[in-house]
Structures are given as C-alpha cells and as structure tokens.
Amino acid sequence: MFACSELYPLIKTGGLADVAYNLPRALVQLGHQVRIVLPAYRGLAEVTPPPQPLCRFEIIGYEVALLVSHVPDTTIPLYLIDCPELFNRPGDPYGDGSHPWPDNALRFGLFCRAVVDLVENHCYGDWLPDIVHCNDWQTGLVPLLLADGAANPATLFTIHNLGYQGLFSQQTLAELGLPEEVKGVPLWDFRALEFYGELSYIKGGIVFADAVNTVSPGYAQEVLTPEFGCGLDGLLRHCGARFSGIVNGIDTDYWSPAKDPDIDLNYSVESLADKQANKRGLLARFHLPDDENTLLLGMVSRLTEQKGIDLLLDALPALLDLPLKVVVLGSGEAQYEQRLLVLAAQHPDRIAFHSGYHEALAHRIIAGVDALLIPSRYEPCGLTQMYSQRYGTVPIAHAVGGLRDTIINACGRAVQGESGGASGGEPWDGVAGTGILFDDYSVAGLQGAVASANKLFQHAMLWSCLQLAGMKQDFSWAASAREYNRLYHRILR
Ligand code: ADP
Ligand code: GLC
C-alpha cells in the first residue's frame, strides 16, 4: 500500500506526485501488487472511472467514505479517503495558494488514521498489504499507529524533503485521539513526536517505521549533518542502518524528446540538430529575438528559497553581461514572482517569465533551452535535471544532494579555473560530463558556472558531447525500483 498526499496526473505540486505515479508502476513491473491511497481532494471524486464507495466509517466524529477507482491509465487500484469537510476545497493539497490550511494537523492526522483503519479493519475486502510505504510528513503518523500490532504490515517511510516536517501544537495529540504511548514510549517525548515544544508528524515516520529512506544517496549523507539536517540530523544518525538513500527515476516514455507531443519537433541522439527548432519556437513563444547562437537558459521550478530563485534573481543583472537570455516558468512566493515580473519588464529582449504551473510549457522549455538552471540550496533528488539531460539540455546546478548524484560535472579546473578554460586552450576534463556543477553557493559561484557554460557553448563540438552524454544516461525507474524491492524484503516481518 502506497500512501501519499499527491499523485500525478490527478493532483501535483512537485516531484512527489511524479514519484507516486511512477514508482508503483515500476514495482508492478517487478511483480508486486501495489495499491495507492490518497485524500479525495476537490475534483478527484470526478475522475474516470468514477470512484465507487466501498464503505463508510467514522473517525474522531468525522464521517469518512472509502472510495475506490484506478490510477489513470493503469490497472493500479486507487483508494480515496473522502471527507469533504476536510478535503473538498479549492487551492492545493496543503493550502489556499498563499497560506497553509489552518487545520492541516487534523486533515492529515485524519488521513493517517484512515489509512491505518483500512489496513487493520480490511474494510476493502481480503487484500492485505505486506508493507505500507509512507511518503513525507503527511503520512508520518501511519508508521507510529502501526508500530504496536505484531500482525500489522511492515512500514517504510520515505523522506522527499526534510524541510517540511508537519509541526503542530501539542493539543493535536488529544484532538486526534492518539494513544498515550507507543512501544512503551510516551508520544509527547523527545524520543517520539515532541520536537522543541511542537508535535512533529515527520518524527512519527522516522522514529517508528521499520526503515526510513530519502530520495538520493547524496542527500541521505547530507541530512546527517547539522547543515542539512533541519534539526533532525541527530535522530537520523541514530537510525543507523535503518536509514538509506535511493535515487528517484523518471518516466522515460513521458519525458522523451523522440515522442513528446508537446514540443515543436521531436528529436533523438541521431537527430540532435532538430532540437534547434524547439529553441526557435520557444524564443518566438516568448517574443525574444530569434538569435539562435546565443545561450538560452531556462528554469522550471517552484519559486521558493529551497530552489535558489533568490540567488538567481540576485545574479541576473550580472549574468546579463554575458550574451544570453533566460526563460523562467514557475509559481510560488509572491515576492519572487514580483521581482521576476519587474526584471522581465526591464529586459523584454533578454528575460521572459511565465507565472503559474503549466505542464506542456515545462516540456517546451526543457526541450527548447540550451541549459537548465537548478541553483537549489539543497535538493533531496530533483527531477528536472534528469528531464533536461534526456532532452540534450545541459543542467547548471548547485553540487548538492540528488543533483550531485545524477549530473556528471563537465567543469573541473579547465573551465572554472585560473587560466581561462577553453579560450586558454586547457584540456577539458569536460567531455565525459553531462552538466555543470558549482560548489560555491553565491552570486559569484552561479556566475562562474554560467560563464563556464557560455564558454563551452561556444565550442559546438564540446557542447554536443555534453548533450549526447546526458541523453545517453539511464534514468529509468527500473534500477531504483529494484532497490526498493530489496528494502521491502529486508523489512518484511
Ligand atoms: P520539487 O518536488 O522539490 O518541486 P522536483 O524537481 O523533484 O522538485 O520536481 C518538480 C516537478 O514539478 C517536476 O516534474 C517539474 O517539471 C514540475 N514543475 C515545477 N514547477 C513547475 C511549473 N511551474 N510548471 C510545470 N511543471 C512544474
Ligand atoms: C521533493 C524534493 C525533490 C524530489 C521530490 C521527489 O519535493 O524537493 O528534490 O525530487 O521530492 O522525491
């Protein structure tokens, strides 16, 4: 049973939705029976085929209906926890677009309790999961609530982002009717859910699951340090071998330049030159001058501090000293959208910004730009760097987490170093690389990486080596699904 709070194509704010759609499908390929459980957000009761009511039950005074349908375009059963009072709202799963819903503790607490009721009371028939695979804080109370019963399924808790922890007030414990203690530990205790005076849902997963993982080996190492651990590094170190990292994959059919229906002209390693038509189309779409020979940079991202949009905004004026253009697609914090709008208005022939979430445009940008900017402060895995490599678009990224694990740096000393890189005639460590990574998280660091990209871009041969090496990487889910398979077998009771 795969429990999650987002699922592509039904409801998505980020990469979790992609993982929730693709990992279960890859597990089915390995012979697993997988079912997914999700809250019935607004509109989901209208999916095709229409969900059928299976049973009704009551949780802490709320009427809950269990609906069953299928994940679109698959045979994977999808359970929806229908409690209109809590889930049938406009906005996204977590808030109204500007603020989190004030009752998120109750909403996701009730979701967790409903998942546990499904598993323990079998009201959906005779299918019993061996494992409940939980994802992020929204499902964090599930491992806790399943920890005590010896007959219960084993639990895996996957951390997609340690920066979001589900912190609420102590009184939530009573509101949700949670037990006083689990496995002999009082819940309001630093060894259980208490976290610096608040109640932490993510700790329910980390403390009580049979195994805990995050979405890349690199991030799994980083979060053991105070710098990246968001206050939980000590607890994660304490997990020892119970904690690991498994890198995400991507849907290589859906993100394929050879088949993508949203882009202007399909292409592959054999017809890389056709990528250029997508660049021309994108420049036209954004009313930018049709100058194919200057570097076109893109960014497709949530506009939050994590993604380093503030660093890009600070760096942009200096970046414009180079002959390049930038296209940004994103939605998120108003302050960043505002600054992007102002910069785009000041430089209409150099900077373009599309505010909002736009799936087809994301494909067009990833196919059309020369390089994709990913200046994330931290990145548990990241998916767009893998999409971009598939499309012969060179990622320029901060050397952290999953970015470091999935991009081979083309730029060692020869490009970023003292004597001028390509123009200085130095040997490139570059040609085996697939992208450009920078360590120094500052305007100067980002500027240096973009300058390196620009130099490489002037050398058509070197640039196409980079593009082709990226396109040939295997980012499919198969290998990661096999690692999850091994982990599941380890935790089976
Ligand atoms: P995160 O989950 O932290 O946002 P990921 O890189 O794992 O980061 O996943 C982001 C996903 O959301 C990718 O599928 C990306 O293409 C998509 N995405 C982000 N912003 C937008 C947007 N404005 N429009 C379309 N897709 C977007
Ligand atoms: C989170 C992370 C991102 C990761 C995604 C899917 O949103 O921020 O790095 O790729 O989850 O695991």
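This report describes the nonpolar cores and the ligand shell of a predicted model.

**Nonpolar cores**

The largest nonpolar core comprises 138 residues. Within this core, the residues with the most contacts are Val37, Leu38, Ile159, Leu162, Leu187, Ile206 and Ile365. Helix H3 (residues 104-121) contributes the largest share, 11 residues. At least three residues of this core come from each of domain 1 (2-249 + 477-492) and domain 2 (269-471).

Ile206 illustrates the packing: leaving aside residues up to four places away in sequence, its contacts are Phe157, Ile159, Leu162, Val212, Leu232, Leu235, Leu236, Cys239 and Arg242. Among these, Ile159 and Leu162 also belong to the group with the most contacts inside the largest core. A second, separate core has 38 residues, including Ala371, Ile396, Leu446 and Leu462.

**Surroundings of ligand 1**

Ligand 1 is surrounded by 19 residues, of which Gly15, Asp18, Arg302, Lys307 and Leu383 are the closest.

| Residue | Protein atom (N or O) | Distance to an oxygen atom of ligand 1 |
|---|---|---|
| Asp18 | side chain | 2.8 Å |
| Lys307 | side chain | 2.7 Å |
| Leu383 | backbone | 2.9 Å |

Taken alone, ligand 1 exposes 560 Å², and the protein buries 92% of that area. Two or more residues of the shell are supplied by each of helix H1 (15-29), strand E15 (295-303), strand E16 (324-332) and helix H13 (384-390). Strand E15 provides the largest share, three residues.

Terms used:
Residues are numbered from 1 along each chain as its sequence is written. Chains are lettered from A and ligands numbered from 1 in the order in which they are written. This is a predicted model: local features need pLDDT of at least 70, side-chain atom pairs count only at pLDDT 80 or more; totals for chains, interfaces and linings use all residues. Side-chain values use heavy atoms; hydrogens and water are left out. A nonpolar core is a set of buried Ala, Val, Leu, Ile, Met, Phe, Trp, Tyr and Cys residues joined through side-chain atoms within 4.5 Å. Buried means under 20% relative accessible area, exposed over 50%, partly exposed in between (1.4 Å probe, protein chains only). Helices (H or I, at least four residues) and strands (E, at least two) are DSSP runs, numbered from the N terminus. Domain bounds come from an automatic or database domain assignment. Contact means heavy atoms within 4.5 Å. A residue is near a molecule or strand if one of its heavy atoms lies within 4 Å of it. A polar contact is a pair of N or O atoms within 3.5 Å; within protein, one must be able to donate a hydrogen and the other to accept it, and residues adjacent in sequence count only if both atoms are side-chain atoms. Accessible areas come from the Shrake-Rupley method with a 1.4 Å probe; for residues, only the protein chains shown count as cover.
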